[in-house]
Structures are given as structure tokens and as C-alpha cells.
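The following exercises concern the structure shown below.

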Amino acid sequence: MSTFEGVDFYDLDSALSEEERMIRDTIRQWVDERVMPIIGDAYIERRFPRDLIPEMGEMGMLGANLPEEYGCAGLNNVAYGLIMQELERADSGLRSFASVQGALVMYPIFAFGSEEHRTTWLPKLASGEAIGCFGLTEPDYGSNPGGMITTARKTDDGWVLNGTKMWITNGSMADVAVVWAQTGEIGDTRSIRGFVVPTDTPGFTATDQKGKLSLLASDTSELHLADVEVPDSALMPETGSGLKHPLQCLTQARYGIAWGAIGAAMACFDESRRYAVERVMFDGPIGGKQIQQVRLAEMLTKITQAQLVALQLGRLKDAGTMTPFQVSLAKRANVDMACDIAREARRLLGGNGILVEYHSMRHMANLESVYTYEGTHDIHGLILGHAITGIPAY
Ligand code: TGC
Ligand code: FAD
């Protein structure tokens, strides 16, 4: 049974480069040593384990696929994906932190910001000295961000921002926010532009989202912008020709989620497999019963399929040919797979499955957020439907 350690039934290790394997193994060891012992307590205490951030920076996990000239690790996208997988093996909240920092804050600053934005923020964000958040969603504009009512109005020497952003990961911890705002008529998506806003700017406040039953080891906040005055230099110069700039950021983060979900599923499978061979009921291990064997076989099958999807997606991204539609398929399918596996794992564990000492129920609850954010499962179905038929059904 020990060959199932690491869950690599199709020997995908042989399809990775030595460097990719080495990076994966380094992060895996760090997660086992530094995160696994504390993540259950952090979850119960409803706090993101902030003291891990400097180590994540030092080890190159933040914005890992961005260039070295800005203090990032300059890794390929498969290595980046493997990092997301290993982080989410511990907790979706940890991968969320890294996703937002790297794909939703550092990526837009790199791709759409000014050189001043890049040199001011990227090295600090890469090292973890600064934390970032990404404000797109609003209370009444989730799946449809194009309708946003947060405004940026031009003044003589800058802009004034007003509005509310909801469900913002890292919001209360952040030093800098990438804020998307309407600079023209409400509904005119061509006028939606991105701003780099230091969170100590007067009028900017963040409040914790209370009452969550998922992603408890993650900071989720509401951002309030009340006459926030920023200079002209806060505007990201390359934004402003439609929703495609924020959506391009989402493509980066959704790519990471497609890998991350596999990590959560691997953790649940691993926990179930161990439990099945150790737990004795009716004079034998439950892993010797046909129902549990089929349950484990289904889990392994789904994880293997998801691994193949993620690896090929990563190779396409590295070749520069990946499309957003391929990312939608992978995000949708792999998160759905992980939700199913976490639920089945929790069931296999019996009563112990509801305890925090075991990981599956924490993953199960977390994955409900992952299913919803970065485009819900339904929305990715509609994106694929649009691609297949040419007819938008949103
Ligand atoms: P639509 O007309 O389809 O497209 C507008 C323009 O954008 C282009 N485009 C993309 N470009 C890059 N990447 C993508 N994924 C793209 N999708 C579309 C498109 O080609 C077009 O370009 P152009 O040149 O013709 O202007 O736009 P729409 O307004 O109809 O939007 C459709 C829809 C529903 C798919 C979109 O609004 C959507 O994806 N909604 C979901 C919203 C969402 O995912 N929000 C996520 C918020 S951030 C978050 O959840 C962080 S969680 C973080 C964590 O903790 O890990
Ligand atoms: P709605 O859009 O109101 O959807 C409700 C239901 O309606 C869903 O089932 C949806 O699939 C369905 N639906 C919507 N439109 C259609 C349609 N046209 N046809 C059929 N069904 C439809 N956002 C950020 O900007 N930054 C962040 O850092 C961030 N972090 C998040 C962290 C967490 C923990 C969560 C839960 C969310 C986060 N989000 C963030 C917001 C997230 O992206 C939104 O929750 C998501 O896009 C869905 O929007 P909504 O919650 O408003 O749901």
C-alpha cells in the first residue's frame, strides 16, 4: 500500500523535470513540518497563520512564476502549480493566501502596472514583507463584476474612489489593494480600471467577514472606500479596455486552483487509505470491505484524471498556448472532484471524520468556498457553454 503514498498512480513524476520534482518535494516537506502540525488549531481559532508568511517568501512561493528581476523565483508554470497543490494539501486557506498574493496582486502589478508600481511593490510582495488583496467582487456584483458600482472619479491631480468590495481574501491583513473601479458610466465595462491603493490611505477600511463556516484559516474581509484620494500614479496604466484585464488576473488564479484542488483531494485520499487499513470493525479492517474498496478506487480514479488535466494545462501555459476556456474546464472539474473526494473521505472516517484531528472535513468545508470563488462551478459551465456554442447564456 505504501506505493500510494504521494498519490501518483500513473507515475506522473516521470513526466516532471528534476527541478519540478525537487521544488514539489521541498514544499511538501515544509508543509509537513511547518503547516500540518498547526493548521487544525489555526482553523478552530479562525485565524490565518501569519507567522508562516516570511518563510513562504524566503522559499520563493509568492508570485513564484514571475520574473527574478522583481525578486520573484522565475519558475515555470508547472512548478508553480505543484506549489499550489502542496499548499492546498494542508489547507485551501493557505493556497488562497498565495493565490491572491501572486496571481491577483503581483500578476496585475507586473502585467498592467507602471514600472514604479513594479519596483515599489513586487520585491516586498515576493518576500512577504508586504501583503496584498484584490478587490473586484461587490455585495451586488459577484458573478457579474461588469455591473460594479464602485467608482473612481477624476480630480485635478488624481482620483477619488468610493464603494464597497465584498469577500476579499487577505483584506484585513493587506498593505496594498488592487481595486477595480468604474471610471465612466455604470455598466460601461470599457471604463473599468485598476488602481494600486496602499491600505493606509485615508478613507480605506477593512472589516472581517463574520460568520463563515468555510475557509476559517483565511482572512476574508469587506473593503470600504469612502472618498479615498489617490494620485494619478495609482492608476494601472495598462488597464481600461474592458473586463479582460481583471479576467486575465482571474485566469492566473483559476489556473492555480486547478492544481490546488488536487492537493486537498490527495490529503483526503491519503487519510482515508490509512484509516481504511487501520480501522477494525466487524472483526476486520474496513478497508477489507467491498464498499470501502470501491470508494477508494473512485477517489484514486478521479485524482488521477485531475492530475493529467492539470499537468497538460501547465504544459500548455508554459508553451504560451493555454486558453481561458481550458482553465475554466480544469478549475470546474478539479474542484468538483475534490469536493466529492473530501465528502466521501469524511464519510469513510465515520464519527472521527467530524473531528479536527482529521483533515477531511476541514477540506470538505473549505472546498465549498473554492467551488464558489474565482467563478462559480455554474459560471465556468456557462463559460464553456459559450465557447462550445458561441452563444453567451450568462
Ligand atoms: P465577456 O464579454 O465574456 O469578456 C470581456 C472581455 O474579456 C475577455 N475575457 C477574458 N480574458 C482573459 N481571461 C479570461 N478568463 C477572460 N474571459 C473573458 C473576453 O475575450 C473579452 O475581451 P474583449 O477584447 O472582447 O473585450 O465578459 P462578461 O462581462 O460577459 O463576463 C462574463 C463572465 C461571467 C464569464 C465573467 O464576468 C466572469 O468570469 N465572472 C465570474 C466572476 C469571478 O470569477 N470573480 C472572481 C473574483 S476574485 C476571487 O474570487 C478571488 S478568490 C481568491 C482566493 O482566495 O483564492
Ligand atoms: P452570485 O453571483 O450571487 O451567485 C449566486 C448563485 O447564482 C450561484 O450558484 C451562481 O452560480 C448562480 N448564478 C449566477 N449567475 C448565474 C447565471 N447567469 N446563470 C445561472 N446561475 C447563475 N472576490 C474578490 O474580488 N476578491 C477576493 O479575494 C475574493 N475572495 C473570496 C473568498 C471567499 C471565501 C469567497 C466565498 C468569495 C471570494 N470572492 C472574492 C468572491 C467570489 O468571487 C464570489 O463569491 C463569486 O464570484 C460568486 O459571486 P456571489 O457570491 O455574488 O454569488
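**Exercise 1. The second largest pocket**

Task: describe the lining of the second largest pocket, beginning with the residues that lie nearest its centre.

Solution. The model is a predicted one. The lining of the second largest pocket consists of 15 residues, and those nearest the centre are Asp32, Arg89, Ala267, Asp270 and Arg274. The next step is to assign the lining to elements: α1 (18–44) and α6 each give two or more residues to it. Of these elements, α6 gives the most, with six residues. By class, the lining holds six nonpolar, two polar and seven charged residues. The volume of this pocket is about 340 Å³.

**Exercise 2. The largest pocket**

Task: state the volume of the largest pocket, and determine which element supplies the largest share of its lining.

Solution. The volume of the largest pocket is about 1300 Å³. Its lining is made up of 44 residues, with Gly142, Leu250, Arg254, Glu374 and Gly375 nearest the centre. Two or more lining residues come from each of α4, β3 (158–169), α6, α8 (324–348), α9 (360–372) and α10 (377–389). The largest share belongs to α6, which contributes eight residues. Sorted by class, the lining has 21 nonpolar, 18 polar and five charged residues.

**Exercise 3. Ligand 1**

Task: locate ligand 1 among the pockets, and describe the residues that surround it.

Solution. Location comes first: ligand 1 takes up space that is the largest pocket. The shell around ligand 1 contains 24 residues, and the closest are Ser143, Thr251, Arg254, Glu374 and Gly375. Turning to elements, α4 (92–112) and α6 (244–278) each supply at least two residues of this shell. Six residues come from α6, the largest share. The shell comprises eleven nonpolar, nine polar and four charged residues.

- Ser96, at a distance of 3.0 Å from an oxygen atom of ligand 1.
- Arg95, at a distance of 3.3 Å from an oxygen atom of ligand 1.
- Lys244, at a distance of 3.5 Å from an oxygen atom of ligand 1.

The final step concerns the area of the ligand. Ligand 1 exposes 1100 Å² when taken alone, and the protein buries 72% of that.

**Exercise 4. Ligand 2**

Task: identify the surroundings of ligand 2, and determine how much of its accessible area the protein covers.

Solution. The space that ligand 2 takes is the largest pocket. Around ligand 2 there are 18 residues, of which Thr137, Ser143, Trp167, Thr376 and Tyr394 are the closest. The elements β3, α9 and α10 each provide at least two residues of this shell. Its residues divide into nine nonpolar, seven polar and two charged.

Individual contacts can now be considered. Thr137 places a polar side-chain atom 2.7 Å from a nitrogen atom of ligand 2. In the case of Asp378, an N or O atom in the side chain is 2.8 Å from an oxygen atom of ligand 2. Phe134 takes part through its backbone, where an N or O atom lies 2.9 Å from a nitrogen atom of ligand 2.

Key: Residues numbered from 1 in each chain as written. Chains lettered and ligands numbered in written order. Predicted model: local features only at pLDDT ≥ 70, side-chain atom pairs only at ≥ 80, totals over all residues. Heavy atoms only, no water. Near = heavy atom within 4 Å. Polar contact = N/O pair within 3.5 Å; in protein donor to acceptor, adjacent residues only side chain to side chain. Areas by Shrake-Rupley, 256 points an atom, 1.4 Å probe, with all protein chains shown as cover. 1 Å grid on protein atoms, 1.4 Å probe; cavity = no way out; pocket = protein on both sides within 12 Å on 5 of 7 lines; lining within 4 Å. Sits in = over half its atoms within 2 Å of the grid points. Helix = DSSP H or I, 4+ residues; strand = E, 2+ residues; numbered from the N terminus. Nonpolar A, V, L, I, M, F, W, Y, C, P; charged D, E, K, R; others polar. Points joined across faces, edges and corners; volume = space filled by probe spheres on them.
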